[in-house]
Amino acid sequence: MKNLLALKPYFFRYKQMYLEGFFFIILTNIFGVIGPKFIGNAIDAMSRSFQLREIIFNVGLYVLFAALSGFFLFLVRQRVIVASRHIEFDLKNDYYNHLQKLPRRFYDHTGTGELISRGTNDLNAVREFLGPGVMYSFTTFFRLVFAIIAMVSLSPALTLFALLPAPVLSYSVYKIGRSMQKQSKSIQESYAGITNLVQENLSGIKIVKSYTREAAEIRRFETVNRQYYRKNLVLGKLQALFFAFLTTLSALSLIPVIWIGGINVMNGTMTVGDITQFIVYVSMLSWPIISIGWVTSIIQKAAASQARLTEILDAPTTISDENPLPDPAPRQTNFSGALSLHEISFHYPNQPDNEVLNNISLDILPGSKVAFVGATGSGKTTLVNLLPRLYDPTKGRVLLDGIDIRTLSLETLREEIGFVPQANFLFSDTIAHNIDYGNRNPEPEQIIEASRIAMLYDDVQDFPDKFDTMLGEKGINLSGGQKQRACIARALARKPEVLILDDALSAVDTATEARIFEAMLRSLPETTIILISHRISTVKNCDRIFVLDKGTIAESGTHEELITQESLYAELYNHQLLEDEILSLS
Ligand SMILES: Nc1ncnc2c1ncn2[C@@H]1O[C@H](COP(=O)(O)OP(=O)(O)OP(=O)(O)O)[C@@H](O)[C@H]1O
């Protein structure tokens, strides 16, 4: 239950609507409970002498009160249900905003399907509480209070008999409701599993097809879908039992009323009209009594869902919040792009025993072009991920122009760094929009210049709508190399001081990669460029090359210096020379 306290600020934001809603709940119930009095009067008028005018008058009043009750019920829904829709809108926005701010490491261990399911299913469960849950809780309370007052005024003893089955009814509803809620929770989890599987399958559909795994994927889907279907069948059975049980029990509760009420009429202590009125109250009460259990299960379901949402909403948003330094450096606008790594060590949060980087120290001069090479898994990507603070080092410091990057705002830092990761991504949008993605005020010249440097410009000229050509689902598909060059253009369009290219041209052949990089190095004399590549031909013109081996810097120097050392780099170089020779012979 205390999970729901997280919703307090939202309730306060719409308190006016909720307060008006509560006021209308009181009014709808007052009119609803007074109405049956006129039915009683009309029946008594019939049994005394058939006074048509009196009957019409009472029936008219009953209709008027029923209409007033209905009118205020309309206003209740207009306030409470509408307020819950407002909160749902705000919650959805807050959830999505939060997802955007969560650090990269959060996504390492949380499935996309899981996040989608929480943002839809769980959020719906919370919305049900904020709307129908709140509305029925208060309606139940006031309906019970007013109806019982009216019943006691007619006959306290009969009221007692009428209410005898109420605790059993409510408790049973609560118990069945709990089983239903458990089942719903398990269904939500299954649904999250299905969403995850579909999302993953569709993202990797090209792999599925190239490995002809369609049949296996269909079987995998069928298995989880069957689980989901079976769980829903169980829930269906529980619901069927629930409603059958309720109808029977509420009908049974009329037996003592008719029995004792009949005796009272025969004794002359009550009129037929009184009994009729009483029976209307008893049937009027059966829904509020049932809804005590129903509302309880809505509240429990919402509490469980809110806990799942809070888990995400409480995850620290920016990486800087996790590790703030005491005195943030003043914002600096002109960085030169000098980088220093001081005794950096790093392990991934989920693998504390696997030191991926070990006590690395190095300096990168402003405007210099450096490269990291090394065997796969040696830690190159991990190392460059520390520069825009996708992760923070577990030990040591990274300095940009002598300033510890943890003291800069993430926005300032990331504005200075253009990053082209290994796994690139383009949106289903125009080429121009994809290139100016990171810019606030994109200029067409900037897009053209960036695409020229990334050697994409000529390719774009061949597309039907040039830079306005749509990509992806609604447009054309780029080749692997074109995609990579578009991603490089995107990073360049921001005019960063530091440009990181992590195996960014692996999809083009060796000669083209070397040619593109050489041109890029020449076009950006002032930009600090950090290259990661497996190809020596690409990195050999860099000012400095660092060779990583099992998370440490094994060697560093220029290409000429390193090949004379006859160590790792030289070995890699000779190996690639040999490969090239074999290729040229074949
Ligand atoms: N998110 C992660 N969580 C846990 N371990 C990781 C994660 N990412 C990478 N690793 C591990 O860190 C080590 C270094 O990986 P990294 O990607 O930095 O190597 P790399 O030198 O860039 O390799 P490659 O040349 O294949 O890209 C590997 O052992 C890898 O399994």
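1. Which residues does the UniProt annotation "transmembrane region" cover? According to that unreviewed entry, the annotation covers residues 21-43, 55-76, 240-266 and 278-299; UniProt positions are given here in the numbering used for this chain, with feature names shortened, and such annotations may be inferred rather than shown by experiment.

2. The model is a predicted one, in which local features need pLDDT of at least 70 and side-chain atom pairs count only at pLDDT 80 or more, while totals for chains, interfaces and linings use all residues. Residues are numbered from 1 along each chain as its sequence is written.

3. The secondary structure of the chain comes to 22 helices and ten strands, where helices (H or I, at least four residues) and strands (E, at least two) are DSSP runs numbered from the N terminus.

4. Of the 586 residues of the chain, 34% count as buried; a residue is buried if 20 or more other C-beta atoms, placed from the backbone, lie within 10 Å of its own, exposed if 12 or fewer do, and partly exposed in between. Among contacts (C-beta atoms, placed from the backbone, within 7 Å) between residues at least 6 apart in sequence, 78% join residues at least 24 apart.

5. Helix α19 (residues 510-523) has 14 residues and spans 20 Å from first to last C-alpha, close to the 20 Å expected at 1.5 Å a residue, the expectation being 1.5 Å times one less than the number of residues. Its buried residues are E513, A514, I516, F517 and M520. Seen down the axis of α19, these buried residues fall within an arc of 165°, so they line one face of the helix; the arc is that of the directions from the helix axis to the C-beta atoms. On the other side of α19, A511 and R522 are exposed.

6. What covers the buried residues of α19 includes α16 (444-453), β8 (528-532) and α20 (536-539). T538 is found in helix α20 and is buried, with 25 other C-beta atoms within 10 Å. Leaving aside neighbours within four places in sequence, T538 is in contact with E513, A514, F517, L531 and S533, and its C-alpha lies 9.1 Å from that of I516, which is 22 residues away in sequence.

7. The ligand is surrounded by 14 residues, of which the closest are Y348, T376, K380, T381 and T382; a residue is near a molecule if its C-beta atom, placed from the backbone, lies within 6 Å of it. Helix α13 (residues 380-385) gives the largest share of this shell, three residues. The shell divides into two nonpolar, ten polar and two charged residues, with Ala, Val, Leu, Ile, Met, Phe, Trp, Tyr, Cys and Pro counted as nonpolar, Asp, Glu, Lys and Arg as charged, and the others, Gly among them, as polar.

8. Most residues other than glycine have a negative phi. K495, in the loop between α18 (480-493) and β7 (498-502), has a positive phi of about 50°, and K550, in the loop between β9 (544-549) and β10 (552-557), has a positive phi of about 45°.

Conventions. Two residues are in contact if their C-beta atoms, placed from the backbone, lie within 7 Å.
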